Amino acid sequence: MKIVVQRARHAEVKVNNETVGKISEGFMLLVGVTHEDSEQDADYLADKIANLRVFEDEEQKMNLSLMDVGGQVLSISQFTLYGDCRKGRRPNFMAAAKPDQAQPLYDYFNAKLREKGITVQTGEFGAMMDVSFTNVGPVTLILESQAN
């Protein structure tokens, strides 16, 4: 799994001009799944994201986690994270898992975050979505579940 983590002041996702997910302070996540990914990968990343210390404490140092600040998550499925642009001009998406494999793992990942007491909003898997958010900092990190 590959996840782009962006610290957000607020985030919103719309499908067909209707808001389907919206959060205040927390993380905007773009979540990609590849063929070899498993529930173990999702467990690892859910724990990492819940405890990642990238929110400022009273001394303006990144010492607080999502759980410490009571932050929320907007999680967006994003197969294009596995787009290979090394050859040609059109990305190759062969490394992205097919929807019948990716969606259950994406749902499992979101459920693991919810089990930790985190409010998780999502887009609509496989839909054309409009995502808007304010990246605070900006802070943007890329997490992967397995060494490549």
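**View 1. Lining of the largest pocket.** By class, this lining holds 16 nonpolar, five polar and one charged residues. Here Ala, Val, Leu, Ile, Met, Phe, Trp, Tyr, Cys and Pro count as nonpolar, Asp, Glu, Lys and Arg as charged, and the others, Gly among them, as polar. The model is predicted: local features need pLDDT of at least 70 and side-chain atom pairs pLDDT 80 or more, while totals for chains, interfaces and linings use all residues. Residues are numbered from 1 along each chain as its sequence is written, and side-chain values use heavy atoms, with hydrogens and water left out. The pocket has 22 lining residues, and Ser77, Gln78, Phe79, Gly126 and Ala127 lie nearest its centre. Strand S3 (26-32), strand S6 (72-77) and helix H3 (99-115) are the elements that give two or more residues to the lining. Helices (H or I, at least four residues) and strands (E, at least two) are DSSP runs, numbered from the N terminus. The space in the largest pocket is about 450 Å³. A pocket is an open set of points on a 1 Å grid over the protein atoms alone, where a 1.4 Å probe fits, with protein on both sides within 12 Å along at least five of seven lines; lining residues have an atom within 4 Å of a point. Its volume is the space filled by probe spheres set on the points, which are joined across faces, edges and corners.

View 2. Strand S1 (residues 2-15) runs antiparallel to strand S2 (residues 18-23), and five bridges join them. Strands pair if DSSP finds at least two bridges between them. Glu12 stands opposite Lys22 in S2. Two residues lie between the strands, and Asn16 takes a positive phi near 55 degrees.

**View 3. Aromatic pairs.** The whole structure has three aromatic pairs, defined by ring centres within 6.5 Å (Phe, Tyr and the six-membered ring of Trp); planes under 30 degrees apart count as stacked, over 60 as edge-to-face and the rest as tilted. One of them is Phe27 with Phe55, tilted because the planes are at 35 degrees, with the centres 5.2 Å apart. Phe27 is in strand S3 and Phe55 in strand S4 (residues 55-56), so the pair ties together parts 28 residues apart in sequence. Both Phe27 and Phe55 are buried (under 20% relative accessible area; exposed is over 50%, partly exposed in between; 1.4 Å probe, protein chains only). Tyr106 and Phe125 also form a tilted pair, with centres 5.9 Å apart and planes at 45 degrees. Tyr106 is buried at 5% relative accessible area, whereas Phe125, at 25%, is partly exposed.
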